[in-house]
Amino acid sequence: MKLNIGVIKGDGIGPEIVTEAMKVLDRTGEVYGFQCSYEQLLMGGASIDVHGIPLTDETIERAKASDAVLMGSIGGDTNTSPWYKLEPSKRPEAGLLKIRKELGLFANLRPAVLYEELSGACPLKEEITAGGFDMMIMRELTGGLYFGERKTVEENGIRTAYDSLTYNENEIRRIAVKAFDIARKRRHKVISVDKANVLDSSRLWRKVVEEVAKDYPDVTLEHMLVDNCAMQLVKNPKQFDVLLTENMFGDILSDEASMVTGSIGMLASASLNETKFGLYEPSGGSAPDIAGKGIANPIATILSAAMMLRYSFDQDDAADAIEAAVSQVLKDGYRTGDIMSDGCTKVNTAQMGDLICERIH
């Protein structure tokens, strides 16, 4: 089986961490009987340097022709990079927003996993985090308040701003279906987050999610108001499996969840469209201050590659093997600098990739 993967190495530490993810994918393919075919694509600052713009039409078409896209980090130092002397539409991050739109990536998946070995980096009490936790936040990415009509006007001499929160049932249904499908690959539990005690959009959200749930009798559905969910994330994060949210709630809750995992260098993410196509990337930035030094943590990108195998290629066993290898490396006491603790062995970017490859069986 050949997996056709578009690769956007990106800027800053992007090329270093993506190289390690590709190394792990190749090793996993040797064990599980598939072959990765990579097509290198330019986006962000790397594209500006060559083409003068952060994303070309050719890159978009080549990305669409791939089965999935693996991406590193985009952007540079906003104070010193010449990229940020350009108008906003030509800066590196503009390419990221455009490719999400062009590829129809409406479903954002952000796992929040606390490995027991990294529990000391978590700001929560030890009795709450003992044994770690593992949740998936499923955020609707192209609708809601961020994409509704907005305006600022003066009414009777008073400046007044309007933002419209709009969802139709089709937008809700497609993200709900993704959430239930993913729950079937996990622990078969969905908690849908809304504000149905106040908002009409949330009442429609809840109704449509309940309709979708009827097609998934093996998955448990619960509803939770967003303010309660924010509290529960720090009170009892272990209760969550798949969290299904609209755009703004998901933006806020995923950031909260990322804080309680201890290190952004461990956080993978994926954005999916209505097919199995997805764009997979680490949640962290390009960290230009450490680029080229070989000290970046590649684990988030490696875990993003595991998500790609699971959700775009249905290679669940291979994804499990990568995640187990990461866990084993941490148990064996190896750390990059950002997650280093007393008694552990410090390794560089390439060494971490090698160690994970060695543990894939």
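1. In this predicted model, the largest cavity is lined by Leu 165, Tyr 167, Asp 194, Leu 199, Ser 201, Ser 202, Trp 205, Glu 246 and Phe 249. Sorted by class, that lining comprises five nonpolar, two polar and two charged residues, and the element that gives the most to it is α7, with three residues.

2. As to volume, about 60 Å³ of space lies in the largest cavity, and the structure holds one cavity of 30 Å³ or more.

3. Two of the lining residues, Tyr 167 and Trp 205, deserve a separate comment. Tyr 167 belongs to the loop between β7 (158–163) and α6 (169–184), while Trp 205 belongs to helix α7 (residues 200–213), so the pair ties together parts that are 38 residues apart in sequence.

4. The charged end of Lys 151 is placed over the ring of Tyr 162, at 5.3 Å from the ring's centre, and Arg 174 lies over the face of Phe 106, where the distance from the ring centre is 4.1 Å.

Definitions and conventions:
Residues numbered from 1 in each chain as written. Predicted model: local features only at pLDDT ≥ 70, side-chain atom pairs only at ≥ 80, totals over all residues. Heavy atoms only, no water. Helix = DSSP H or I, 4+ residues; strand = E, 2+ residues; numbered from the N terminus. Lys NZ or Arg CZ within 6 Å of the ring centre and 35° of its normal. 1 Å grid on protein atoms, 1.4 Å probe; cavity = no way out; pocket = protein on both sides within 12 Å on 5 of 7 lines; lining within 4 Å. Points joined across faces, edges and corners; volume = space filled by probe spheres on them. Nonpolar A, V, L, I, M, F, W, Y, C, P; charged D, E, K, R; others polar.
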